[in-house]
Structures are given as C-alpha cells and as structure tokens.
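Here are my notes on the structure, as promised. I have set them out as numbered points so that you can follow along with the coordinates open.

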Amino acid sequence: MSQLFVRTGITFSSCEEALAHIGQAMLAKGVVYDTYPAALLEREATFPTGIALERHAVAIPHCEAIHAKSAAIYVIRPDSPVQFQRADDDGEIAVPLIIALIVENPAAQLTLLRRLFGKLQSPDTLTALLQAPEAELAARFRQVILAPEPYAQAS
C-alpha cells in the first residue's frame, strides 16, 4: 500500500517549480533517493503529464521506479492551476490537481496509472477531489481512487 501525502494552500509559478517542490518534499519524507528530483524533471520534459479531462485537467508526474525507496502518492491541490505541458503534445493546460506517483515496482506503476486514468474519466471523481475540504482530501482520495471496486453481483 502506498503512503499518501496531501498538500493544499501552495502556489507554483511554473510546472518546473511544482516538480522541484515534489522532488524536495518526497526526499524529506524519505520515500525517494537523491536521484529522484532530477529524474522527475527530466521525465516531465521528455514525457509531459498534463491530461485534459471532461471538465478539468490533472497532471500525473512520475519517473522510473529505480528512484523510489517506497511507494507513495503525493496529491497537491495548489491555490491556482499550474501550467503543465499536455501529454498529447498539444500545448499547455492549466492543472488544478497534481497527483505525483512514487512507485518502486514498474508493474505496480502501470496498474496504478490505469486505475487513476479509469477513475479520473468520471468528471465527478475529479470534482470531488477539487471540492473536498483540506482536512478530508486524503480520505476522499483513498475513497474515490484507491478503494477496491465492489464486485458486481450476478443476477
């Protein structure tokens, strides 16, 4: 199970500043190696992570698993949206929610990315995360993103 860190009440002037913050914060939490901050910036420059969704946008920065000591997710809801390069290479997009993934197992990273994309396809999911009070953001993220799917009952 990934550790979950949440931050609100912060402003970034650029995507690079947000990524630098993520790198330093995760170093301070002890979940990444000292190679992580540079690797995160390099990966974003090569493979941008800004994603336009139906009503909002999200960025899901991550880098190779070799830079992680333990699995973690860092959810940041800045005071104002941050401009990220779009993953589809179609310019920049204003991102009101950043979900940084720190995964030590490449297979787990792919699984988590698929889960995130699947859950974030629902506009209500992202709206719930954007509107959750700061004190409830971590619990809401666990509930709407990380909670296991209930099994459908055959009728």
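1. Burial across the chain: of its 155 residues, 48% count as buried. Please keep in mind throughout that this is a predicted model.

2. Overall fold. The chain contains five helices and seven strands, and reading along the sequence gives the pattern β-α-α-β-β-β-β-β-β-α-α-α. The radius of gyration is 15 Å, close to the 15 Å that the globule rule gives for 155 residues, so the chain is as compact as a globular protein of that length. Along the principal axes, the C-alpha trace spans about 50 × 30 × 30 Å.

3. Contacts along the sequence. Take the contacts between residues at least 6 apart in sequence: 70% of them join residues at least 24 apart. The next two points give residue-level views of the chain.

4. Is Ile98 buried or exposed? Ile98 is buried, because its relative accessible area is 0%, and buried here means under 20%. This residue lies in strand E7, which covers residues 98–102. Leaving aside residues up to four places away in sequence, Ile98 touches Ala18, Ile22, Ala59, Pro61, Tyr74, Val75, Ile76, Val82 and Phe84.

5. Two helices in contact. At what angle do helix H3 and helix H5 pack? Helix H3 (residues 106–120) and helix H5 (residues 137–146) pack at about 95°, and their axes are 9 Å apart. That angle makes H3 roughly perpendicular to H5, since the range for this class is 65 to 115 degrees. On the H3 side, the contact involves Leu112, Arg115, Leu116, Lys119 and Leu120; on the H5 side, Phe141, Val144, Ile145 and Leu146. Sorted by type, the residues of this contact comprise seven nonpolar, no polar and two charged.

6. Asp124 is exposed, with a relative accessible area of 53%, while Arg55 is partly exposed at 49%.

7. The pair Arg86 and Asp88. Their side chains also meet in a salt bridge, again with 2.9 Å from N to O. Arg86 counts as buried because its relative accessible area is 19% and the cut-off is under 20%. Asp88 is partly exposed, with a relative accessible area of 48%.

8. The pair Glu136 and Arg140. Here the closest N and O atoms of the salt bridge are 3.4 Å apart. Glu136 is partly exposed, with a relative accessible area of 40%, and Arg140 is partly exposed too, at 24%.

Terms used
Residues are numbered from 1 along each chain as its sequence is written. This is a predicted model: local features need pLDDT of at least 70, side-chain atom pairs count only at pLDDT 80 or more; totals for chains, interfaces and linings use all residues. Side-chain values use heavy atoms; hydrogens and water are left out. Axes are lines fitted to C-alpha atoms, for helices over the stretch in contact, and angles run from 0 to 180 degrees between N-to-C directions. Helices (H or I, at least four residues) and strands (E, at least two) are DSSP runs, numbered from the N terminus. Angles under 35 degrees count as roughly parallel, over 145 as roughly antiparallel, 65 to 115 as roughly perpendicular and the rest as oblique. Contact means heavy atoms within 4.5 Å. Ala, Val, Leu, Ile, Met, Phe, Trp, Tyr, Cys and Pro count as nonpolar, Asp, Glu, Lys and Arg as charged, and the others, Gly among them, as polar. Buried means under 20% relative accessible area, exposed over 50%, partly exposed in between (1.4 Å probe, protein chains only). A salt bridge is a side-chain nitrogen of Lys or Arg within 4 Å of a carboxyl oxygen of Asp or Glu. The radius of gyration is taken over C-alpha atoms; the globule rule is 2.2 Å times the number of residues to the power 0.38.
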